[in-house]
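Me: I am new to this structure and would like a close look at one part of it. Could you take me through that part slowly, and then show me what surrounds it?

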Amino acid sequence: MKNVWIKATEGSWDQKRNAITAAMESGADFVLADAADLPEIKQLGKIKTACFFDGKNGSAEDNAADVFVWNIPVLSENDDENVSETAELKQMKEMKKAGKSVAAYVDIQNKKTELFAATVGKTADYLIISAGDWRIIPLENLIAALEKFDVEIIAAVKTVEEAQTSLQILEKGVDGVLITTADMSEIKEISNAVKMSGCAEEQLVPAKIVTIKQLGMGDRVCVDTCNLMVPGEGMLIGSQSAGLFLIHSEVDDSPYVASRPFRVNAGAVYSYLKINDITRYLSELKAGDDLTIVDAGGKTRPGIVGRVKIESRPMMLLEAEVEGKILKVILQNAETVKLVRPDGKSVSITQLKVGDQVLVKIEEAGRHFGMKVTEKIIEN
């Protein structure tokens, strides 16, 4: 997941507070702030803080930031200084040995400073880059140079367009952005763009229903989320990691029960649920866990588990065929349990017939502890 930082070191406290509040409401991860403002920031909400190192704020444990930042000076093209021996770099190494997280803020105005940034990045936990008009090439060079080092590259941005460009550089993109504007609407737009950039698009295909079989009682899982879903959205769930069904949310109105757009009646306790690039068993989920919401077009967005309900209910087995494979899922036998047709519309499990088509996600690799593995795995 890409990180969102907000810079709140300029203007009055009221201006800074408004920007910080907008960032928090948008799910920002860090605030880059003045050390004197840290107590007030803690009163606003729970968020990680970073502040520029001045030689004093490292000892004030009550107000200490989570990350200490060094403002790296711009080097002259004619500067022959050995960058590995600068005072800033020495201080960073000492602080890191003391167990602190360290960052460097570098304003890249020439090639010398870019090379300096690459050197600093081998020590820093975070490398914050302001590159002005030369945004793409310096970031490309730093991403490539520091690929094997444990450092997150953060690009300073003012607009959504700048953020999107930084996130796509060399396909991998930067690890996050530092929002430097105080415009509250822009802060929210950039934050949303960054959070959505980490969401992959799933390739969904139609599968033909070949078996519908009523079963006895079993334990099924309802996943209640902290997110409101819309028609066409649900979660990828199934009996085999190589094939998952798009199970629709309970967003549709029903004459029997009120709409619950936060819920997916997900299936039997043993079932797999796809979350980003891993799978988890439904029985493992708990409040606060991450999950992935998927729509009929394959677009994904992050979600949060609010509650998991496991209850004994009558169950039903569905088998579907696609590309010569038989995929299976066991769901509750109830009108409110729905899958998704290829046209994006939901269909109740009680209305499905043999020969109908529903959307599924298929994969070649198997899973071991939720992660893809290339080995022979048979799941029936």
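How many bridges join strand S6 (residues 126–130) to strand S7 (residues 152–157)?

Reply: A word first on what you are looking at. This is a predicted model, in which local features need pLDDT of at least 70 and side-chain atom pairs count only at pLDDT 80 or more, while totals for chains, interfaces and linings use all residues. Residues are numbered from 1 along each chain as its sequence is written, and side-chain values use heavy atoms, leaving out hydrogens and water.

Now to your strands. S6 and S7 are joined by four bridges and run parallel. Here strands (E, at least two residues) and helices (H or I, at least four) are DSSP runs numbered from the N terminus, and two strands pair if DSSP finds at least two bridges between them. Within this pair, Ile128 is placed opposite Ile154 of S7. In general, strands of a sheet pair through backbone hydrogen bonds, either parallel or antiparallel.

The pair belongs to a closed barrel of eight strands, in the order S1-S2-S3-S4-S5-S6-S7-S8, with parallel pairing. From one strand to the next, the twist averages 25°; such angles run from 0 to 180 degrees between the N-to-C directions of axes, which are lines fitted to C-alpha atoms.

Next, look at the residues on either side of Ile128. Leu127 and Ile129 touch the most other members of the largest nonpolar core, which has 55 residues. Such a core is a set of buried Ala, Val, Leu, Ile, Met, Phe, Trp, Tyr and Cys residues joined through side-chain atoms within 4.5 Å. Buried means under 20% relative accessible area, exposed over 50%, and partly exposed in between (1.4 Å probe, protein chains only). Helix H1 (residues 13–25) gives the most to this core, with five residues.

Leu142 leads us to helix H5 (residues 136–145), whose buried residues are Pro138, Leu139, Leu142 and Ile143. These four lie on the same side of H5, because they cover an arc of only 130° around the axis, judged by the directions from the helix axis to the C-beta atoms.

Lys188 is partly exposed, at 39% relative accessible area, whereas Glu25 is exposed, at 58%.

For contrast, Asp224 and Arg263 also form a salt bridge, with the closest N and O atoms 2.6 Å apart, and both residues are buried.

Conventions: A salt bridge is a side-chain nitrogen of Lys or Arg within 4 Å of a carboxyl oxygen of Asp or Glu.
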